[in-house]
Amino acid sequence: LARLGDNVGAQADLARARALVPDDPQIALRQASLLEQQGKIVEALAIYKDLLEQNPRADLYVHAGKLRYNRQEYHRALANFLAAHELELDNIDALRGMGLSYRKLGNRKAAITTLREYLTKDAQAADRAEIEAWILKGK
């Protein structure tokens, strides 16, 4: 239904499916994704929180962190990125998110350290020039 543009109907179907099979993470992920498409970020984050309580996954922590970062919830975004980093030390998306969150929170030293690690681990980082310029600007 969502592909046909009936997001409301699709949301209702997913809510019924979750009621029937509450422990199915795929249904919950689809519902959260659809909520995001509808701009219902708070509701989507609530589903991600439930999923993470059941099964902590770095990719879900990163995704929740990105949503929180975009909502300018930098402390909460940082917490999500740190949790992802604890689960996967080499997760470049977690490192990037941590660095950008530290930057927004005014912790320049932590931001530089983390962003340098991110750039070291992601040789093809699309935002390399921007980050390097920001780091050099403060020296």
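**View 1. Tyr48 and the residues around it.** Leaving out residues up to four places away in sequence, Tyr48 touches Leu29, Ala32, Ser33, Glu36, Leu60, His63 and Leu67. The model shown here is predicted. Tyr48 sits in helix H3. The residue is buried, with a relative accessible area of 4%; the cut-off for buried is under 20%. Ala28 is 20 residues away from Tyr48 along the chain. The C-alpha atoms of these two residues are separated by 8.2 Å.

**View 2. The whole chain, for orientation.** The protein chain has 8 helices and 0 strands. Along the sequence, its pattern reads α-α-α-α-α-α-α-α. The chain holds 139 residues, and 42% of them are buried.

**View 3. Helix H3 against helix H4.** H3 covers residues 41-54, and H4 covers residues 58-70. Their axes lie 10 Å apart and pack at an angle of about 155 degrees. H3 is therefore roughly antiparallel to H4. The crossing of H3 past H4 is left-handed. On the H3 side, the contact uses Ile41, Leu45, Tyr48, Leu51 and Leu52. On the H4 side, Leu60, Tyr61, His63, Ala64, Leu67 and Arg68 take part. Sorted by class, this contact has 9 nonpolar, 1 polar and 1 charged residues.

**View 4. The largest nonpolar core.** This core has 39 residues. Tyr48, Leu51, Leu115 and Tyr118 touch the most other members. At least two core residues come from each of H2 (25-37), H3, H4, H5 (74-87), H6 (92-104), H7 (108-121) and H8 (128-137). In soluble globular proteins, nonpolar side chains tend to be buried together.

**View 5. Leu51 up close.** Leu51 belongs to the set that touches the most other members of the largest nonpolar core. Set aside its neighbours within four places in sequence. Leu51 is then in contact with Pro25, Ala28, Leu29 and Leu60. Leu51 is also one of the H3 residues that meet H4.

**View 6. Helix H4 against helix H6.** The axes of H4 and H6 come within 10 Å. They cross at roughly 25 degrees, so the two helices are roughly parallel to each other. Their crossing is left-handed. H4 brings Val62, Lys66 and Tyr69 to the contact. H6 brings Asp93, Ala94, Leu100, Ser101 and Lys104. By class, the contact of H4 with H6 divides into 4 nonpolar, 1 polar and 3 charged residues.

**View 7. His85 in helix H5.** His85 lies in H5. This histidine is buried, with a relative accessible area of 16%. Not counting residues up to four places away in sequence, His85 touches Ala94, Leu95, Met98 and Glu117.

**View 8. Gln72 in the loop between H4 and H5.** Gln72 lies in the loop that links these two helices. Its phi is near 65 degrees. That is a positive value in a residue other than glycine. Gln72 is exposed, with a relative accessible area of 60%; the cut-off for exposed is over 50%. Tyr48, shown in View 1, is buried.

Terms used. Residues are numbered from 1 along each chain as its sequence is written. This is a predicted model: local features need pLDDT of at least 70, side-chain atom pairs count only at pLDDT 80 or more; totals for chains, interfaces and linings use all residues. Side-chain values use heavy atoms; hydrogens and water are left out. Axes are lines fitted to C-alpha atoms, for helices over the stretch in contact, and angles run from 0 to 180 degrees between N-to-C directions. Helices (H or I, at least four residues) and strands (E, at least two) are DSSP runs, numbered from the N terminus. Angles under 35 degrees count as roughly parallel, over 145 as roughly antiparallel, 65 to 115 as roughly perpendicular and the rest as oblique. A crossing is left-handed if the near helix is turned anticlockwise from the far one by less than a right angle, and right-handed if clockwise. Contact means heavy atoms within 4.5 Å. Ala, Val, Leu, Ile, Met, Phe, Trp, Tyr, Cys and Pro count as nonpolar, Asp, Glu, Lys and Arg as charged, and the others, Gly among them, as polar. A nonpolar core is a set of buried Ala, Val, Leu, Ile, Met, Phe, Trp, Tyr and Cys residues joined through side-chain atoms within 4.5 Å. Buried means under 20% relative accessible area, exposed over 50%, partly exposed in between (1.4 Å probe, protein chains only).
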